Amino acid sequence: MNDKTWWKHSVVYQIYPRSFKDSNGDGFGDLPGIIEKLDYLEKLGIDVIWLSPVFDSPQDDNGYDIRDYRSIYAGFGSNEDMEELIQKAHERKIKVVLDLVANHTSDEHVWFVESRKSKDNPYSDYYIWKDPKADGGEPNNWGSCFCGSAWEYCQERGQYFLHFYSKRQPDLNWENPKVRQEIYDLMKFWMEKGADGWRMDVIASISKDQNYPDYPERENQKYYTGKYHSNGPRLHEFLHEMNQEVLSKYDCMTVGEAPGSTPEVARLFTDPKRQELNMIFTFEHMNIDRVPGSVNRKWELKPFDLRELKQVMSAWQNKLYNQGWNALYFENHDQPRVISRWGNDTTYREACGKAFATVLHGMQGTPYIYQGEEIGMTNVAFKLEDYEDIEVRNAYQELVVNNKTISEDQFRKAVWNKSRDNARTPMQWDDSEHAGFTTGKPWFQLSDRYQEINVKKALEDQNSIFYYYRDLIALRHQEPLLTEGKYQLILEEDQQIFAYLRSTDQECWLVAANLSETCRSSQILKPFGGEREEIKICNYKRTSLDQELRPYEAFMMRVR
Ligand code: NOJ
């Protein structure tokens, strides 16, 4: 296989550093803590780690608000720790991908501190400044993804600045070539230190429609998010430039976070001929349990329908085949735990964790594992006041307290189901106090299930979810079919079974999962069996298609 495309047959493990492992007892995860756990990651067999932002930051949005791109945040350690981490990871043949937050900075970044001072300083055009409307109001009705307006007034300049996220995260002005050069330079800074690539935060938002048009108005709504928040007119021009200026000069991988993107748009980002990015994270499959256009945003729950999940994921598989590349994920630091969200995290927790993993890792693309997913960590249900995430806090204030569009009870249920904090509780290493995450007071509450669900226990049990992931990763390395094979969804309308074929000229595999608590006859799969039924991996004992499908049973079987 062409070694320049190593990312096609790699498996990535995402680390959310503040919650991974604390080495110094301050209750906050850090880089030396990650170094301590490299042996664990090597045992799992992953190829790449992606670190959520570790750069200097006031932590208004947990590091997605960067104050200095060239320094490591003191809570995480030092630049030397970062270099040591890269070196020690490389010794284990693990690559290190960093998080590029370049749509916005922190309001404490020196560029913004200068920019806000006047209309004519060297940094005045580094951000997006607009005059107030005649009545003094915001320049348009764009909303922040964290509620409220996307514009914040600044006395010194008598102007508003744009922020798609918190008002402490002003958006950079990518129209300004100097801004783009600054970003390329800081990318080179870390790549010269050995970083192997970038995950690019909300990269689809860097180009804005220069007419700043209003969204069409709806009743009971003042601010809007939607099509003007991503995929702006110069996006692909900027990314191609970044590719030519930086990425093409290094052996690296890139994955862009691209809310609002369809498979057609994904081709623009990832078709190798266009020389932009290797792959993007779609949100389409994450949005299937969301009511489109609701004033209550993601907090308005819609029941999970497996048919929609299959339809969306299959469209991405088919439309990117030979035309781009998929990033495969169910979990990350912004998403709840998949077994709690769409599966069963009690009676069938283990089977269910393996079943979702089978479905994902059987597809074409680069699979991502989010810390704790490999041991089946679950959602939490805290008191509302115990949530840390700015998204939850702002939404509570706006939707429950101010606008009263959702009751406190409904909101709480939605937070338990979907809040980002579900994924941000500290990693559960063992059954000791604070789950072995820290010897101090953890920055955030732990799941109360840590004595039942932890790494130590998983490593002691040969049938654990951990070892199942290890086998899935090993399969990806051994079996070119998983990287190259064509995908075909079967049983499209079935409401319990997610099944598909992967095939090359030489062979064909059947990947199947019963994503329900009810047994099903496997007769329905029989027509897809073949002269040869060789199990490649399974989460219950199985040798052929003759046995029934048990709750959350999943397998991959070579059928030709
Ligand atoms: C996407 C990140 O994944 C999320 O955690 C963050 O809040 C926003 N971008 C803003 O940077």
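## Burial and the model

A residue counts as buried when its relative accessible area is under 20%. Asp334, at 14% relative accessibility, is therefore buried. The structure described here is a predicted model, and it holds 47 salt bridges.

## Asp334 and Arg424

The side chain of Asp334 meets that of Arg424 in a salt bridge, with an N to O distance of 3.0 Å. The two residues belong to distant parts of the chain, 90 residues apart. Asp334 lies in the loop between β12 (327-328) and α9 (338-342), while Arg424 lies in the loop between α12 (408-418) and α13 (455-460).

Arg424 is also buried, at 1% relative accessibility. Both residues belong to one network, in which salt bridges with shared partners join Asp61, Lys298, Asp334, Asp389, Glu391, Arg420 and Arg424.

## Arg180 and Glu241

A salt bridge connects Arg180 with Glu241, and their closest N and O atoms are 2.7 Å apart. Arg180 is part of helix α5 (residues 177-192) and Glu241 is part of helix α6 (residues 235-245), so the bridge ties together parts 61 residues apart in sequence.

Arg180 is buried, with a relative accessible area of 7%, whereas Glu241 is partly exposed, with a value of 24%.

## Glu42 and Arg92

Glu42 and Arg92 form a salt bridge through their side chains (3.6 Å, N to O). This pair links distant parts of the chain, 50 residues apart: Glu42 is in helix α2 (residues 38-44), and Arg92 is in the loop between α3 (79-91) and β5 (95-100). Glu42 counts as partly exposed, at 41% relative accessibility.

Notes:
Residues numbered from 1 in each chain as written. Predicted model: local features only at pLDDT ≥ 70, side-chain atom pairs only at ≥ 80, totals over all residues. Heavy atoms only, no water. Salt bridge = Lys/Arg side-chain N within 4 Å of Asp/Glu carboxyl O. Helix = DSSP H or I, 4+ residues; strand = E, 2+ residues; numbered from the N terminus. Buried < 20%, exposed > 50% of the residue type's maximum accessible area, 1.4 Å probe, protein only.
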